[in-house]
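Visitor: I would like to learn how to read a model like this one, feature by feature. Could you walk me through it?

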Amino acid sequence: VTDIGLPPETGAAALMTIGVVNIISAYTTGVLGGRFSKVKMLSVMYLSRAVFISAMLLAPPTELTIYIFAAGMGLSWLSTVPLTSGLVAVMFGTQYMTMLFGFVFFGHQIGSFFGVYLGGLLFDETGSYNIVWWIGAGLGVFAALVHLPISEKPVQRAPLAP
């Protein structure tokens, strides 16, 4: 936020906004995920990230823009957790859910590491985070599309050998 000329307090308030909206959206998607397609909801969440990132980049850099962006990211950030864990339970059952969701979470942490690391490298090269944000928007569209063909039903297991 300070890189675009806004005060540090705006960044702090934006982080608070993300956190508060995360609480509401994670609970809400957990409830809605029990009634509607988790796959479609995940796709909408990922696509909405791309929309909010793109809108933030295209809008003038104001405090209001940052707060709207923060609320949008809060809506789509942790709201994916109950949907993803619900899909793991539906597809693979609950017996190994902790291990399987652990793999999902681990994969997200690897992605986060590379995102931050490569974001820093690109900032050092260009003096701006804009390319990183555009890559994030592209990845949001990609994630939305990749999730659409997921079948929200138990995975057929091969019979155990005698």
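Guide: Let us go from the overall fold to single residues. Keep in mind that this is a predicted model.

Visitor: How many helices and strands are there in the protein?

Guide: There are six helices and zero strands, so the pattern along the sequence reads α-α-α-α-α-α. The C-alpha atoms fill a box of roughly 65 × 35 × 25 Å along the principal axes.

Visitor: What can I learn from contacts between residues at least 6 apart in sequence?

Guide: They show how far along the chain the partners lie. Here, 76% of such contacts join residues at least 24 apart.

Visitor: How do I check the span of a helix, say helix 4?

Guide: Compare the expected span with the distance between the end C-alpha atoms. Helix 4 covers residues 80-92, and at 1.5 Å a residue its 13 residues should span 18 Å; the end C-alpha atoms are 18 Å apart, which agrees. Helix 1, with 26 residues, reaches 36 Å from its first C-alpha to its last, close to the expected 38 Å. After helix 4 comes Gly93, with a positive phi near 85°.

Visitor: Which residues of helix 4 are buried, and what do they pack against?

Guide: The cut-off for buried is a relative accessible area under 20%. In helix 4, the buried residues are Thr80, Leu83, Thr84, Ser85, Gly86, Leu87, Val88 and Met91. They pack against helix 1, helix 2, helix 3 and helix 5. In helix 1, the buried residues include Ala14, Ile18, Val21 and Ser25, and their cover includes helix 2, helix 3 and helix 4. Over the 162 residues of the protein, 30% count as buried.

Visitor: Is Ser25 buried or exposed, and what does it touch?

Guide: Ser25 sits in helix 1, residues 8-33. Its relative accessible area is 5%, so Ser25 is buried. Leaving out residues up to four places away in sequence, Ser25 touches Gly74, Leu75 and Ser79. The Ser25 side chain also reaches the backbone oxygen of Asn22, at 3.3 Å.

Visitor: And Tyr27, buried or exposed?

Guide: Tyr27 is found in helix 1 too, but its relative accessibility is 62%, so Tyr27 counts as exposed. For a sense of distance, Tyr27 and Met45 are 18 residues apart in sequence and 14 Å apart in space, C-alpha to C-alpha.

Visitor: How many salt bridges does the structure hold?

Guide: Look for a Lys or Arg side-chain nitrogen within 4 Å of an Asp or Glu carboxyl oxygen. The structure holds one salt bridge: Glu152 pairs with Lys38, and their closest N and O atoms are 3.4 Å apart. This pair links distant parts of the chain, with Glu152 in the segment after helix 6 and Lys38 in helix 2, 114 residues apart. Lys38 counts as buried because its relative accessibility is 12%, while Glu152, at 28%, counts as partly exposed.

Visitor: Which residues make the nonpolar surface patch?

Guide: For this, look at nonpolar side chains that keep some accessible area. Phe106, Ile110, Phe113, Phe114, Tyr117, Leu118 and Leu121 make a patch of about 690 Å². One of them, Leu118, lies in helix 5, residues 97-126; with a relative accessible area of 43%, Leu118 is partly exposed. For the protein overall, the accessible surface comes to about 10300 Å², and 74% of it belongs to carbon and sulfur atoms.

Notes:
Residues are numbered from 1 along each chain as its sequence is written. This is a predicted model: local features need pLDDT of at least 70, side-chain atom pairs count only at pLDDT 80 or more; totals for chains, interfaces and linings use all residues. Side-chain values use heavy atoms; hydrogens and water are left out. Patches are made of residues with over 30% relative accessible area and no salt bridge: like charges are joined within 9 Å, nonpolar side chains (Val, Leu, Ile, Met, Phe, Trp, Tyr) within 5 Å. Accessible areas come from the Shrake-Rupley method with a 1.4 Å probe; for residues, only the protein chains shown count as cover. Helices (H or I, at least four residues) and strands (E, at least two) are DSSP runs, numbered from the N terminus. Buried means under 20% relative accessible area, exposed over 50%, partly exposed in between (1.4 Å probe, protein chains only). A polar contact is a pair of N or O atoms within 3.5 Å; within protein, one must be able to donate a hydrogen and the other to accept it, and residues adjacent in sequence count only if both atoms are side-chain atoms. Contact means heavy atoms within 4.5 Å. The expected span of a helix is 1.5 Å times one less than its number of residues.
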